[in-house]
Amino acid sequence: MNDLSIRVSTKFVDATDSDDYWRAATRPFYVTERTSRDVPLQGAMTGSTVGTSLIGETTFNSQDYFRNRRLIAESELEDQYIVQAWIGGEMIGNADGTDFSVQPSDVSFLDLGKPLRARALTDPDRAGRTITLLAPRTLVEAASHGRSLHGTVLRGASAMVLTQCLQSVSLALPHLDKTAAAQYEDVIAALLKASLSTDPGALQPEFSPRTDPNLRARALTHIVEHLGESWLSPVTICATLSVSRAQLYRAFQHDGGIAQVIRRKRLERAYRELTAPEPENLSIEDVSHRWGFTSKTQFVRAFDSFYGITPSRARAEGRRTIGDPSIDRLHRHLTTLGP
């Protein structure tokens, strides 16, 4: 059987410890805070692995969520999405510049590689409840032809079907062995594709596919493979992939352009290296050169602008959360908080 090994709940700890416990449980995803000084944080998560994804149920009271660039770098979940089918409770927020509002029966899409501010709202005597899917970017964005779905809200019949199917998969997984459970990831991918294509008018922001769904993936692979090379640029990527500058721009227009993607990924790698629990004995200048920056001054300026702190301060403060993007490591992190 595929053990339902993720069991996290504030009921497992004393009431005086519930805030710290729930912040630790949700910290890989968000900085979580009370919406009211008088009401402590409460919540629970259960779930199972399904291939490279996790799926399960989350319950919660009213609480605020915040995800900034530092947490994105610390958690190393920037290539994951949280897809939530809302059964109870509401959420309002801003997804990296896109305002969104979620009601019961909606399905929300949040990109863990981008900033977020949100507030979950529930009745005082009734917890909010979602079926929550944590899935790789490649799986989720395959349904949108590579377009970012950060802040997207699916409504209507498509959302209803997707919610019921996700709930059924979540309930079935504990009764399947790991191999059988993994096959349901293909089912989930097909459900997302069908739901997003059935009713595109229900999406926020407006939904339109890119012309080349494979170009983005090929470009990202090339960037990751050569991230530390100072010569990496839009020009060299165009030459390597045999595409025009216009094609490359269209593939990354919702990310602010390909140059911004390269810069962000370099800064994230540098941040992780500087804040590693057992860092190498490298100077700030060494780190800057390792990740493709041509000078220490350029690196420090870019780092401070992106994270709001200097590289030296980031190194002094150190990493405060888990640091492995794999589903297995995240799974282990959550299970340590169980009974």
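## Close-up views of a predicted model

**View 1. An open sheet of five strands with antiparallel pairing.** The strands of this open, five-stranded sheet follow the order β2-β5-β10-β7-β8, and their pairing is antiparallel; strands (E, at least two residues) and helices (H or I, at least four) are DSSP runs numbered from the N terminus, and two strands pair if DSSP finds at least two bridges between them. This is a predicted model, in which local features need pLDDT of at least 70 and side-chain atom pairs count only at pLDDT 80 or more, whereas totals for chains, interfaces and linings use all residues. Residues are numbered from 1 along each chain as its sequence is written, and side-chain values use heavy atoms, with hydrogens and water left out. At the edges stand β2 and β8 (98-102), each with a single partner strand, so one side of each is left without a neighbour in the sheet. Neighbouring strands are turned by 15 degrees against each other on average, direction ignored; axes are lines fitted to C-alpha atoms, for helices over the stretch in contact, and angles run from 0 to 180 degrees between N-to-C directions. Strand β7 (residues 90-95) is joined to the antiparallel strand β10 (residues 116-121) by five bridges, and the bridge partner of I92 in β10 is R119. Helix α1 packs on this sheet, touching β2 and β5 (63-67), and its direction makes about 150 degrees with that of β2; contact means heavy atoms within 4.5 Å.

View 2. A salt bridge (a side-chain nitrogen of Lys or Arg within 4 Å of a carboxyl oxygen of Asp or Glu) joins the side chains of R34 and D19, with an N to O distance of 2.6 Å. Because R34 lies in strand β2 (residues 31-34) and D19 in helix α1 (residues 18-26), the pair ties together parts that are 15 residues apart in sequence. With a relative accessible area of 11%, D19 is buried, whereas R34, at 30%, counts as partly exposed; buried means under 20% relative accessible area, exposed over 50% and partly exposed in between, with a 1.4 Å probe and protein chains only. The side chains of R27 and E74 also meet in a salt bridge, at 3.3 Å from N to O. Here R27 lies in the loop between α1 and β2 and E74 in helix α2 (residues 69-75), so the pair ties together parts that are 47 residues apart in sequence. The relative accessible area of E74 is 0%, and E74 is buried. The whole structure holds 17 salt bridges.

View 3. Eight bridges link the antiparallel strands β3 (residues 43-50) and β4 (residues 53-60), and V50 has S53 as its bridge partner in β4.

**View 4. The crossing of helices α10 and α12.** The axes of α10 and α12 come within 11 Å and cross at roughly 90 degrees. The two helices are therefore roughly perpendicular to each other, a description that covers angles of 65 to 115 degrees, while angles under 35 count as roughly parallel, over 145 as roughly antiparallel and the rest as oblique. The contact involves R263, R264, L267, E268, A270, Y271 and L274 of α10, together with F299, A302, F303, S305, F306 and Y307 of α12. Within helix α10 (residues 258-274), R264 and E268 lie four residues apart, about one turn of the helix, and form a salt bridge whose closest N and O atoms are 3.3 Å apart. E268 is buried, with a relative accessible area of 2%.

**View 5. The surroundings of W291.** W291 lies in the loop between α11 (284-290) and α12 (296-307), and at 14% relative accessibility counts as buried. Leaving aside neighbours within four places in sequence, W291 is in contact with L227, G228, R266, R269, A270 and E273. The C-alpha atoms of W291 and H226 are separated by 9.3 Å, although the two residues are 65 apart along the chain.
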